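Please keep the sequence and the model in view while reading.

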Amino acid sequence: MKSKNKKLLDQKISRRFLFLFLIKGIAIGAISWRLFDLQLIENQKYKKLSDGNQFDYLIIPPERGRILDRQNRLLAGNMDGFSLVLKWNKKINVDVILKNTLSIISINKKDIKNFNLQIKTMKNNYPKEVLITKNLSQKDVSRLAVRRINFPEIFFSMSKNRIYPQGNIVAHIIGYTGIFSKTDVKNGNVISVPGLDIGKRGLEKYFDLQLRGMFGRKRNEVTSKGYIIDSQIHETTISGKDLQVSLDMRLQAFAFQRLEQGNYNLISTDDKSIKKQLTIQKNNKYLDKKYVYTNKKNRIVSSESGSIIVMDIDNGEILCSVSTPSFNPNIFSNGLDIEEWNKLRNNKKSPLLNRSMSGLYSPGSTIKMAVALAGLEAGVIDYKTNHFCSGKKEFGNNDFHCWAKNGHGNVSLMQAIEQSCDVFFYEIGLKIGIDRIAEMLKKLGLGQYSNIEINDKAKGVVPNLDWKFKRDGIKWQLGETLNASIGQGFILSTPLQLVTMVSRIANGKVSVEPSLLLKKTNRKFDLLNINYDHIKFIKKSMEQVVVGKKGTARNYKIGLKNNEMAGKTGTVQVVGISDLEREKGLLKNEDRPWKKRDHALFVGYAPVKKPKYAICVVVEHGGSGSSVAAPIARDVLKNILNV
Amino acid sequence: MNYRKNKFLKESFLNLFLSKLFRLNWVIVFCVFLLCLIGVAFLYSAAGGQWNPWAKSHLYRSIIGIGLMLLIALLPPKFYNNLSISCFILGLLSLLFVKFFGQGSVQRWISIGGFNFQPSEPIKLALILVLAKYFDNISKIDLQKVSTFLLPIIFILLPGIFVVTQPDLGTGLAIILLGIAILFYIGIPLKIVFLSFIVVISCVPIIWNQLYEYQKNRILVFLNPQSDSLGSGYQIIQSKIAIGSGGLFGKGYLLGSQSRLNYLPEKHTDFVFTLISEEMGFLGSLILIFLFCFLIALIMRISFIVDTVFAKIVVFGVGFLIFLYVALNIGMVCGLLPVVGAPLPLISHGGTSLITVLIGIGLVLSMSVHNKRI
């Protein structure tokens, strides 16, 4: 009985043992599979997580490349700055430290706001370094350094601040940098790195990637409690590449001042009568100025606004591009104050606008060469074409006036350009037709975006039959052709387009494209495809504008014998003149309100024998092209040619 | 067996001693020794390449423990058979003592002469012994009767409930599982198994309500570790990262970044397997698991060889105990099971569990040495 029982038990035990053995096998199998899954299949994922635990990567922004002019003068560089950093940990009282710091130095409100935000959004309690401000002056540093012992939690670190030594003189072309915005991140322009500056405008924006360089990374090994036990450079930073531009700072500075001055006088603020005026006016605008401009009556006037562009007609390099009024780009480097920004934006004279490339103006008489070229090319006029100018042309129900009230009498093509006879161009404009004029204008660079290395540029308008119909759904009126023939009406162009036009005429062979880069090799351009004899004739006419007895710019010669400058003036009406006003007699330009004064334009090139430089001057509401724009152009050209 | 009555006591005692040493299962001893050394090596690594505080003490404890194991192996099973009931009662008393006079907020420890002692570990051995003794005179009891199993179930539940309410859910469940496995092994009718299974399932909501907040948390976090990545889930997430990042060959000895930088919690006790996995990779882990399986298989083989039911149950119990430890521990660290707090036998730093396992293996060796059939 006993042994039988035992035998049964043994059998049972064996069966049960086998069952348990199976369970154990399944358990071990499950564990092994789990390990296989974790360590081999999902290995990469966990490796990444482990690296993320082990290492803390700090991005080191590279030093931004400099921008230099053609003579290697510094246009944009970096200045060592001091940052104030808080060594944060759980135990310190941030508010007290900040309060004590603020009692010694002042920190701008925006930085404090950012700092508080950083403290608030801290994810864990690990000790770390938090940036308080990037804009610490030398004075602040020494003040704090003396009291260093009271602020063990605070230390300084070096940083780089963008600096523009030329200030407002080239502000529009160089642009400025600023802290990236959310849209920049969304557009994929930039990875989100605190404290990173990116180009916001001008060349800084266009060449941002090149100037920015490559980020480096520092790799810290951190424990689970956040202590750094090892630190090494993981990826080295690659500094941004320097950029050399074609601008000539000497010329640029001269042109800037010359444009601001216009026909006014430059007087020091130490002058007695000026001081008196300043105290009476209580005008803060001139408080920190060392000099002011005065008109003939010795009254303080604000400087002229407008644009000057000088371009090399052979390779298209822009030697100077001035736009006034301007702004100081350095104010953007240290975190722009919102008040200052609004002041700039709401300024009626729009200092932020780059007039050279984004300013749109009716070109006025400056396109008369193009109209003449269109006629010559089409064969509807020739060198001998004559028209009689009586001072106006009656067309339909309207009178189209010439600027010369009493007319120019019988004028040939060359004389018409020399004296800028409007009636002559009304007549030939009708013969040529708007489409041919538009075609020639486009050939010469108007009505299209140029390839210049600036993002913000205007396209301008070159109207033709289609354009009008598409825009308004109305047929083109012939009267509008008359207006277009003298560069009024719908036509709009930027100074850059005008200087391109002159360059192409002066070059005569290829369609030069403007560029801000200093080209080491010769650039290749498309052929211009205009009969060179016609070009020669037009150039001769432009020369007559300056050297001719009746030339509109005859008073402003640069003084080289047989090698003058050539050009074309333009005076653009800003407001229409009614017949009533005309009969009453026109008000003198200076007597009209500023906004209603004419724009003064001049385009030209020099020297005539072997053209090298093309220029376009626009003085907003400056008066007549011949009396305001031409002398500026002459002085700038004299400056380049060292006359 | 009755060597005490031998006339040539002195001479034959030496003979007996030598013959017993000869009959000792040295493969098991070697296996145990190897596992203890692996423990020392990785505790050395856990301390960042230093003997203190864990590797040195583990080495000393291992040497003492193995000595104790050999000593136990030489004593006859009869001795343990007689001791079993008093051991069990002593164990229960110490559990009660811990319950009322225990150290710390979680009452698991008794401090005796500077040594901290965790009675929930040796109670497992006492349970094995007392169950073995109960079923030893199997001829007198009817295994088909439900009433036969009443007393064993009380034996199991008493320490189990004590430990669960310590509170130490992991060890308590391990004790109960161990008991159930032994009952199953000995041939409890399947209808009882199914019945109790249904009872347990229906008790789950009641038990759930009895659990402490942190125990509930652990189970919830186990079900979804990401729900609390810095709190309770932190351990298991970091453990999985460490294991996963080990790859096939591991990061190298002393080079585990997770452990070196303190991301691994409890890397010297419950999570020591994670450290080994991180530094030695999948291959190293498999070798370790294989070593444990080998040890368990050796022990289980003995359970077939021995003839008494007492010996069978003791050997099976100890083998299953080691299996439970290993499965619970590794299952826990790789996220298959909730974090219940089970050490890896022979490797984790912790005196009580190490000595318990070594004593258990000593018992197994004793059963094999004194087996008549060999």
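How many helices and strands does chain A have? Chain A has 24 helices and 22 strands, where helices (H or I, at least four residues) and strands (E, at least two) are DSSP runs numbered from the N terminus. The model is predicted: local features need pLDDT of at least 70, side-chain atom pairs count only at pLDDT 80 or more, and totals for chains, interfaces and linings use all residues. Residues are numbered from 1 along each chain as its sequence is written, and chains are lettered from A and ligands numbered from 1 in the order in which they are written.

Of the 643 residues of chain A, 39% count as buried (20 or more other C-beta atoms, placed from the backbone, within 10 Å of the residue's own). Contacts are pairs of residues whose C-beta atoms, placed from the backbone, lie within 7 Å. Among those in chain A between residues at least 6 apart in sequence, 73% join residues at least 24 apart.

One helix pair deserves a separate look. The axes of helix 17 (residues 422–432) and helix 20 (residues 478–485) of chain A come within 8 Å and cross at roughly 125 degrees; axes are lines fitted to C-alpha atoms over the stretch in contact, with angles from 0 to 180 degrees between N-to-C directions. Helix 17 of chain A is therefore oblique to helix 20 of chain A, since angles under 35 degrees count as roughly parallel, over 145 as roughly antiparallel, 65 to 115 as roughly perpendicular and the rest as oblique. Helix 17 of chain A makes this contact through A:Phe425, A:Tyr426, A:Gly429 and A:Leu430, and helix 20 of chain A through residues including A:Leu478 and A:Leu482.

Between the chains, 34 residues of chain B are in contact with 33 residues of chain A. Helices 7, 10, 11, 12 and 13 of chain B each supply at least two residues of the side that touches chain A.

Conventions. Contact = placed C-beta atoms within 7 Å. Buried ≥ 20, exposed ≤ 12 C-beta atoms within 10 Å, placed from the backbone.
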